[in-house]
Every structure is written in C-alpha cells, then in structure tokens.
Amino acid sequence: MSELEEERDNLRMELENLEENLEDFFQLVKTSVSYELDYSLGSIKYVELLLTHLNVDAEEDADVLIDTAMYVGETIKRNYNGTWDISEETDERYLQPVVRGLSDGKKDFYPFLSANDFTTEPAVGYFLGLL
C-alpha cells in the first residue's frame, strides 16, 4: 500500500468515527464558550473563540488542534458540499487532509494546516476567510 493510500485509509477511519472522536471537543466548546456545536458555518466562530480563550499552542495543544481541524473541515464540507481527500500536492500540503469540490467556487480547504496557522494569527473569521 502506498503512503497516499495509507493516509486515505486513515482519514476514512477517522471520519467513520467522527462524532465519537469529537465528543470531548464538543464538551470543551460547550463548557468554555457556552456554545453547542452544530456544524453550522456560524459555529466556527465559537471554535475560534475557544482557541483564542485557551491561547492554544501548536505543540502543546495538538489534540485540540486536531479536533478543531476535523470539526472545521467537516463543517465546511457539509455546508459547501465538498468531499474529504488527501492532498497529492508536492509542497507542505503533501499528504494533508483537504476538503475539495466546494460549491460557490470556494478553493480547497486544508483544515489541519489552517488550524496550525491559526495559532500564529488568531482571529474571529479566520477559517472562513481562507475560502
């Protein structure tokens, strides 16, 4: 199995258990910023508020950033009719999960890279501003 196929299998398994894997993240958002996540585009600002409130660090808070990436990526996928894939780009995006095929002419969204970048440029509206 190639590295690309292996990453696609890993992503598929992660997505099969998405709701279960994000239970703790949903609870963290609910208790920290008093919002119940619902996969709406508006909910992303509460995720951004959480990250800002916790002053999330890319190295120290990797679990929170992984959950953020999965939630934001899935929210964008659902709202813009996209699909998850693994990037074959030959730069820093290589083998990164990506949400492709977004409606309204939106560009591909790299949730893990974006979540990591958020830690250096935190702002409400950051994630949706990348589309």
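These legends walk through a predicted model of one protein chain.

View 1. Helices (H or I, at least four residues) and strands (E, at least two) are DSSP runs, numbered from the N terminus. Along the sequence the order is α-α-α-α-α-β-β-α-α. The C-alpha trace spans about 40 × 30 × 25 Å along its principal axes. Of the 131 residues, 37% are buried (under 20% relative accessible area, 1.4 Å probe, protein chains only).

**View 2. Helix H3 (residues 23–33) crosses helix H5 (residues 62–79) at roughly 95°.** Their axes, lines fitted to C-alpha atoms over the stretch in contact, with angles from 0 to 180 degrees between N-to-C directions, come within 10 Å. H3 and H5 are therefore roughly perpendicular (65 to 115 degrees). Phe25, Phe26 and Leu28 of H3 meet Val64, Asp67, Thr68 and Tyr71 of H5, with contact meaning heavy atoms within 4.5 Å. By class, five of these residues are nonpolar, one is polar and one is charged (nonpolar: Ala, Val, Leu, Ile, Met, Phe, Trp, Tyr, Cys and Pro; charged: Asp, Glu, Lys and Arg; polar: the others, Gly among them).

**View 3. Here is H5, a helix of 18 residues.** H5 reaches 26 Å from its first C-alpha to its last, close to the 26 Å expected (1.5 Å times one less than its number of residues). Its buried residues include Val64, Asp67, Thr68 and Tyr71. Just after H5, Asn81 takes a positive phi of about 55°.

**Notes.** Residues are numbered from 1 along each chain as its sequence is written, and side-chain values use heavy atoms, leaving out hydrogens and water. Local features need pLDDT of at least 70 and side-chain atom pairs count only at pLDDT 80 or more, while totals for chains, interfaces and linings use all residues.

Definitions and conventions
Parallel < 35°, antiparallel > 145°, perpendicular 65-115°, else oblique. Buried < 20%, exposed > 50% of the residue type's maximum accessible area, 1.4 Å probe, protein only.
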